[in-house]
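Me: Please take me through this model one feature at a time, giving the general idea before each case.

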Amino acid sequence: MVWIVWKQSDVEGAACRLLKLIRWSQCVQDTVIERAELCRDEGQLVLTARVRPAKHRRSRCSRCGRRCPGYDNGGGLRVWRGLDLGPVRVFLQGQAPRVACPVHGVVVAEMPWARPGARFTRAFDEEIAWLTAHMPASTVAEYLSSTWRAVIGAVFRVTTELAGRTDRLTGLRRIGIDEISYRKGQRYILRVVDHDTGRQVWAGEGANQTTLRAFFTALGSERAAKLTHVTSDGAEWIHDVVKEKAKKAKLCMDPFHVVQWATKAVDAVRRRVQGDLTRAGRPEQAKSLKGSRWALLKNLLELSSDQKATLAGIQRDNKLLYRAYLLKEQLRYVFAAATPSTAKSLLGGWLAWVKRSRIPEFTAVAESVTRMRDLIWNSLDTGLSNALSEATNNHLRLLTRRAYGYHSAEALIAMSELTLGGLCPPLPGRA
Ligand SMILES: [Zn+2]
């Protein structure tokens with residue numbers, strides 16, 4: 001049931017001023033609001049505003065903005081959700097005609113109030129993106145009575161547009177190449193981080209040479225030649241591409257990943273000891289080890305008092321596992337050393353300790369460390385911080401969990417660009 005109708009033809013007076021107020025509240029530009037009506041729809045107050053592009057924005061290609069001959073009227077009237085006015089839900093309604101662009105062919109005409117293909121206005125997209133950068137996407141979806149998928153769609157449109165406008169690849173010197181997995185480790189995205197700003201500068205689907213080459217194509221040979229250091233997790237395929245595309249860059253082994261090898265080794269030792277105990281008919285002890293996983297993997301300083309007690313128990317009852325734990329913690333200290341020369345000598349000591357301790361899981365780590373020694377030293381010499389990478393990885397693990405429901409690389413890339421790549425827009429009207 002329609003309650004109130006305002007028309008632009010009531011040129012004089014309140015109606016006209018009210019349409020102006022609606023236009024301001026929706027943060028739309030180059031848009032004429034012809035009329036608006038308020039109604040109640042299943043208990044929800046709904047304001048529908050009829051819009052058209054301002055004269056100088058009419059009949060333009062939505063891809064390039066060029067003025068083009070009209071093609072047809074598209075599918076008739078469409079609606080876009082706009083910014084809520086308190087409890088009032090707002091929709092813009094208008095035609096979406098198609099134009100014939102000489103370059104892009106038959107495409108939908110530009111709508112100054114919405115991004116191509118969107119069912120939300122530009123301002124609503126941006127509000128969603130800003131909120132998603134500051135709270136879980138599921139909370140945003142609930143707050144705006146929208147869906148997870150629609151929220152991610154808005155984030156994707158905003159970050160894609162901002163990435164096209166922002167040059168994040170100029171001036172790069174020291175970069176980190178990292179992969180994160182999703183879908184239970186079956187799929188990957190590759191991210192490139194600027195070590196000097198801490199910001200993600202590029203992200204792409206897949207973790208292979210094709211993905212990495214796409215980054216170097218975007219970077220271009222001139223800028224690639226200026227790279228001085230490239231850190232990574234030590235994967236050969238990354239080294240091959242970097243050696244080919246950035247010949248002058250020093251390859252560095254990201255210390256965070258070296259510590260991660262040791263962390264995985266501790267976990268492997270725990271599982272082995274647990275299996276031995278079960279087979280030896282001591283299931284109770286085996287079970288208690290299962291609960292000790294986090295006590296063993298976390299940093300010593302981050303342990304809760306319960307976890308410290310668990311660790312003390314392991315020290316008493318399980319010398320082998322405790323030694324593995326100490327080896328892991330010691331390796332962490334190596335990379336926290338104040339100077340590169342201290343770190344290098346500590347690393348030498350660590351390798352000798354591993355040799356004496358004869359724990360096969362750690363012998364394998366020591367072999368990798370020895371093989372990658374030059375790359376690890378390059379990292380130590382430049383002091384490229386593992387703390388940064390570690391914090392970023394924790395953040396991404398959280399994002400992965402959030403993006404998990406969506407199961408797509410596109411979602412994860414959009415979320416990482418939003419929160420780590422500096423591609424978060426200001427709130428509508430606050431620019
Ligand atoms: Zn065009």
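**Reading a buried helix face**

Reply: The elements that cover the buried residues of helix 5 include strand 9 (174-182), strand 10 (187-194), strand 11 (200-205), helix 6 (221-224) and helix 7 (236-245). Cover is a matter of contact, meaning that the C-beta atoms of two residues, placed from the backbone, lie within 7 Å. The elements themselves are DSSP runs numbered from the N terminus, helices being H or I of at least four residues and strands E of at least two. The model is predicted, and local features need pLDDT of at least 70, side-chain atom pairs count only at pLDDT 80 or more, and totals for chains, interfaces and linings use all residues. Residues are numbered from 1 along each chain as its sequence is written.

Me: Which residues of helix 5 are buried?

Reply: In general, a residue is called buried if 20 or more other C-beta atoms lie within 10 Å of its own, exposed if 12 or fewer, and partly exposed in between, with C-beta atoms placed from the backbone. In helix 5, which spans residues 209-219, the buried residues are T211, L212, F215 and L219. Looking down the axis, these buried residues fall within an arc of 95 degrees, the arc being that of the directions from the helix axis to the C-beta atoms, and so they line one face of helix 5. T210 and T217 are exposed on the other side of helix 5.

Me: Where do the buried residues of helix 13 lie around its axis?

Reply: Helix 13 (residues 340-357) buries A343, L347, W350 and V354. These residues cover an arc of only 60 degrees around the axis, which puts them on the same side of helix 13. On the other side of helix 13, S341, G348, G349, A352, K355 and R356 are exposed. The cover over the buried residues of helix 13 includes helix 12 (319-336), helix 14 (360-371) and helix 15 (373-382).

Me: What length does helix 13 reach, and what is expected of it?

Reply: The expected span of a helix is 1.5 Å times one less than its number of residues. Helix 13 has 18 residues and reaches 25 Å from its first C-alpha to its last, close to the expected 26 Å.

Me: In what order do the five strands of the open sheet lie?

Reply: As a general idea, two strands count as paired if DSSP finds at least two bridges between them. The open sheet of five strands has the order 11-10-9-12-13, with mixed pairing. Its edge strands, strand 11 and strand 13 (250-253), each pair on one side only. The twist in this sheet averages 20 degrees from one strand to the next. Strand 9 and strand 12 run parallel and are joined by three bridges, and I175 stands opposite V230 in strand 12.

Me: Which residues have a positive phi although they are not glycines?

Reply: E42 counts as exposed because it has 5 C-beta neighbours inside 10 Å. S59, likewise not a glycine, has a positive phi of about 55 degrees and lies in the loop between strand 3 and strand 4. S59 counts as partly exposed because it has 16 C-beta neighbours inside 10 Å.

Me: How is the protein divided into domains?

Reply: Domain bounds come from an automatic or database domain assignment. The division here is into domain 1 (2-115), domain 2 (120-253 + 412-431) and domain 3 (255-382). Taken over C-alpha atoms, the centres of domain 1 and domain 3 are separated by 61 Å.

Technical notes:
Axes fitted to C-alpha atoms, helices over the stretch in contact; angles between N-to-C directions.
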